[in-house]
Amino acid sequence: MALQHANDETFAGLIGSGITLVDFWATWCGPCRMFGPIFESVSEKIPDVNFIKFEIDETNRRTPTKYGIRSIPSILAFKNGELVEARTGLMDEETVITWINELKAS
């Protein structure tokens with residue numbers, strides 16, 4: 001599945017089925033800008049996982065608050081709409097792929 005973008009209104013509908021990784025980010029965040037291409041590359045390599053980018057800005061505060069996002073980039077992993085794990089900070093492609101394989105195995 002292609003990389004999708006979410007906001008407070010669309011978020012719940014996008015995480016409902018399967019494994020979903022959500023990248024919480026902001027345009028002013030240097031590490032977020034570095035992680036963006038990595039996240040997109042992995043999304044192209046693993047089509048059976050949902051990849052969502054959620055930009056934290058003035059109009060999208062409910063969802064990050066609900067999930068306690070205090071640092072970005074924060075990547076949350078959901079299975080069928082349920083939060084199963086969260087990681088914060090810049091990760092390389094290999095680390096993200098290994099994490100996804102762990103999520104699939106659990």
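**Exercise 1: around proline 73**

List the residues that proline 73 is in contact with, leaving aside its neighbours within four places in sequence.

*Solution.* Step one is the list itself: Asp23, Phe24, Cys29, Pro31, Cys32, Phe35, Arg87, Thr88, Gly89 and Leu90 are in contact with proline 73, where contact means heavy atoms within 4.5 Å.

A quick word on the ground rules. This is a predicted model, so local features need pLDDT of at least 70 and side-chain atom pairs count only at pLDDT 80 or more, while totals for chains, interfaces and linings use all residues. Residues are numbered from 1 along each chain as its sequence is written, and side-chain values use heavy atoms, with hydrogens and water left out.

Helices (H or I, at least four residues) and strands (E, at least two) are DSSP runs, numbered from the N terminus.

Proline 73 counts as buried because its relative accessibility is 1%; the cut-offs are under 20% relative accessible area for buried, over 50% for exposed, and partly exposed in between (1.4 Å probe, protein chains only).

Step four, look at the backbone. The peptide bond joining isoleucine 72 and proline 73 is cis, with omega about 0°. Most peptide bonds are trans.

**Exercise 2: threonine 20**

Is threonine 20 buried or exposed, and which residues does it touch beyond those up to four places away in sequence?

*Solution.* First, find threonine 20 in strand E2 (residues 19-25). Next, its relative accessible area is 0%, so threonine 20 is buried. Now the contacts: threonine 20 touches Leu14, Ile15, Asn50, Ile52, Leu76, Ala77 and Phe78. Last, a C-alpha check: threonine 20 and valine 49 are 29 residues apart along the chain, yet 5.8 Å separates their C-alpha atoms.

**Exercise 3: salt bridges across the chain**

How many salt bridges does the count come to, and which parts of the chain do lysine 45 and glutamate 93 tie together?

*Solution.* The rule comes first: a salt bridge is a side-chain nitrogen of Lys or Arg within 4 Å of a carboxyl oxygen of Asp or Glu. By that rule, the count is 7.

Take lysine 45 and glutamate 93: their closest N and O atoms are 2.3 Å apart. Lysine 45 lies in helix H2 (residues 30-45) and glutamate 93 in helix H4 (residues 93-105), so this pair ties together parts 48 residues apart in sequence. Lysine 45 is exposed at 52% relative accessibility, while glutamate 93 is partly exposed at 22%.

Move on to lysine 104 and aspartate 48, whose side chains meet at 3.1 Å, N to O. Here lysine 104 in helix H4 is linked to aspartate 48 in the loop between H2 and strand E3 (50-55), 56 residues apart.

Then comes arginine 87 with glutamate 102, at 3.6 Å, N to O. Arginine 87 is in strand E5 (residues 82-88) and glutamate 102 in helix H4, 15 residues apart. Shared partners join Glu85, Arg87 and Glu102 into one salt-bridge network.

**Exercise 4: the whole chain**

*Solution.* Count the elements: 4 helices and 5 strands. Their order is β-α-β-α-β-α-β-β-α. The C-alpha trace spans about 35 × 30 × 20 Å along its principal axes.

To wrap up, 42% of the 106 residues count as buried. Of the contacts with a separation of 6 or more, 70% are between residues 24 or more positions apart.
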